[in-house]
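Please keep the model open while you read this note. Check each point against it as you go.

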Amino acid sequence: EAIYGGLNSLKGARVLVTGASTGIGEQMAYHYARFGAKIVITARREKVLQQVVEKCLSLGAQKAFYIAADMANEADPDKVVDYALEKLGGLDYLVLNHIGPSPFSMWKGDVDHTKWLMKVNFFSYIQMAWKALPSLEQNKGSLVVVSSLLGKITSPFVAPYSSTKFALNGFFGSLRHELAMKKSNVSISVCTLGLIDTDSAMEKVRGVTDVPAYPATDAALNIIITGSTRQPELFYPWFTYFIVITKDWFPSLTDYMTQNSYNYIP
Ligand code: NDP
């Protein structure tokens, strides 16, 4: 309650959240709704989006719309931003969160999958960010990018996924410099998440790792607070920050701990 009162600036805020049919994106949509925001959500599955929109309206969203889109499709990222601009009359927050499904397994040479994943997890992000930037600039808005610890440190079984997250960190880190040098109104928040208990993540790591999973609803709230307070980075849970700042000091120890966090028998 105190939190929802405290972030008054989100009342009436115009927000576009991607990948909001399930997982962390869905939870973000519900939090924004409780804050009284105006929301557009997107993902591929229309039926599910429709249900999320209904729940957003019942939780207190001033407005809630959905648009089905496939981010591997060249035209869809622009189409989605245009739709949000038209429905909401501008944007205060662009929250980029969607990811395409990717196997959790050793690299077996599937370059086509990696190219496809780059389209979904990376190229669509930069396309949407560029399209939304003029409106964000007008409204002193925020760009929020949901990344991962696997965009900061390397790990086995996730080569394609990890590449897309490293690409995001590189790109949006560079763009943040440029916006600062131009004295832009727009803030960029890049979110480094550890393991979160969404169905899709749990399905992959069940029985494979003992790394603790943190609740999606709490991760979602932390991402929203990071965006609305215009902080450049979020580390959630907190120890992901510790891992990132120590990894270059003790690289062999980090590699040892990474490889031993999985139950793998060759
Ligand atoms: P989910 O798999 O639960 O959700 C992914 C979302 O993306 C869904 O809404 C899905 O909906 C949508 N999506 C999938 N493919 C496409 C596509 N081609 N075009 C458009 N939308 C698509 O993911 P999480 O909630 O677990 O993760 C959310 C974010 O958090 C991601 O950026 C992820 O990298 C990050 N993260 C998650 C961690 C975790 O452990 N869960 C750890 C670290 C980071 P639909 O199928 O309807 O299209």
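The points below go through helices, salt bridges, cores and rings in turn.

1. Ground rules. This is a predicted model: local features need pLDDT of at least 70, side-chain atom pairs count only at pLDDT 80 or more, and totals for chains, interfaces and linings use all residues. Residues are numbered from 1 along each chain as its sequence is written, and side-chain values use heavy atoms, with hydrogens and water left out.

2. Helix α5. Start with residues 111–138, which form α5. Helices here are DSSP runs of H or I with at least four residues, strands are runs of E with at least two, and both are numbered from the N terminus. Helix α5 has 28 residues. From first C-alpha to last it reaches 40 Å, close to the expected 40 Å. That expected span is 1.5 Å times one less than the number of residues.

3. The kink in α5. Look at Ala132, where α5 has a kink of about 45°. Just after α5, Lys140 takes a positive phi of about 50°.

4. Asn139. This residue sits in the loop between α5 and β5. Is Asn139 buried or exposed, or partly exposed? Its relative accessibility is 25%, so Asn139 counts as partly exposed. The classes are: buried under 20% relative accessible area, exposed over 50%, partly exposed in between (1.4 Å probe, protein chains only). Leaving out residues up to four places away in sequence, Asn139 touches Arg14, Gly90, Leu91 and Asp92. Contact means heavy atoms within 4.5 Å. Asn139 and Arg14 are 125 residues apart along the chain, and their C-alpha atoms are separated by 9.9 Å.

5. How many salt bridges does the structure hold? There are 5. A salt bridge is a side-chain nitrogen of Lys or Arg within 4 Å of a carboxyl oxygen of Asp or Glu. One of them joins Asp92 to Arg14, with the closest N and O atoms 3.0 Å apart. The pair links distant parts of the chain, 78 residues apart. Asp92 is in the loop between α4 (76–88) and β4 (93–96), and Arg14 is in strand β1 (residues 14–18). Both Asp92 and Arg14 are buried.

6. The side chains of Asp76 and Lys79 meet at 3.7 Å, N to O, in a salt bridge. Both residues lie in helix α4, 3 residues apart, about one turn of the helix. An α-helix has 3.6 residues a turn, so residues three or four places apart point the same way. Asp76 is buried, with a relative accessible area of 8%. Lys79 counts as partly exposed, at 37%.

7. The Lys152 salt bridge. Lys152 pairs with Glu233 in a salt bridge, the closest N and O atoms being 2.9 Å apart. This pair also links distant parts of the chain, 81 residues apart. Lys152 is in the loop between β5 (142–148) and α6 (159–181), while Glu233 is in strand β7 (residues 233–236). Glu233 is partly exposed, at 31% relative accessibility.

8. The cores. A nonpolar core is a set of buried Ala, Val, Leu, Ile, Met, Phe, Trp, Tyr and Cys residues joined through side-chain atoms within 4.5 Å. The largest core has 38 residues. Which of them touch the most other members? They are Met28, Tyr32, Ile41, Cys56 and Ile223. Not counting residues up to four places away in sequence, Ile223 touches Ile24, Met28, Val144, Val146, Cys191, Leu193 and Leu234. Another core, of 32 residues, lies apart from the largest one and includes Val40, Ala69, Met118 and Val190.

9. Helix α8. Residues 216–228 form α8, which has 13 residues. Ile223 is among the buried residues of α8, as are Ala219, Ala220 and Ile224. Just after α8, Arg230 takes a positive phi of about 60°.

10. Rings. The structure holds 12 aromatic pairs. Rings of Phe, Tyr and Trp (its six-membered ring) pair if their centres lie within 6.5 Å; planes under 30 degrees apart count as stacked, over 60 as edge-to-face and the rest as tilted. The ring centres of Phe171 and Phe172 are 5.1 Å apart and the planes are at 70°, so this pair is edge-to-face. Phe172 is buried, at 0% relative accessibility, whereas Phe171 is partly exposed, at 32%. Ring pairs also link Phe104, Phe157, Tyr262 and Tyr264 into a cluster.

Technical notes:
The bend at a residue is the angle between axes fitted to the seven residues ending there and the seven starting there.
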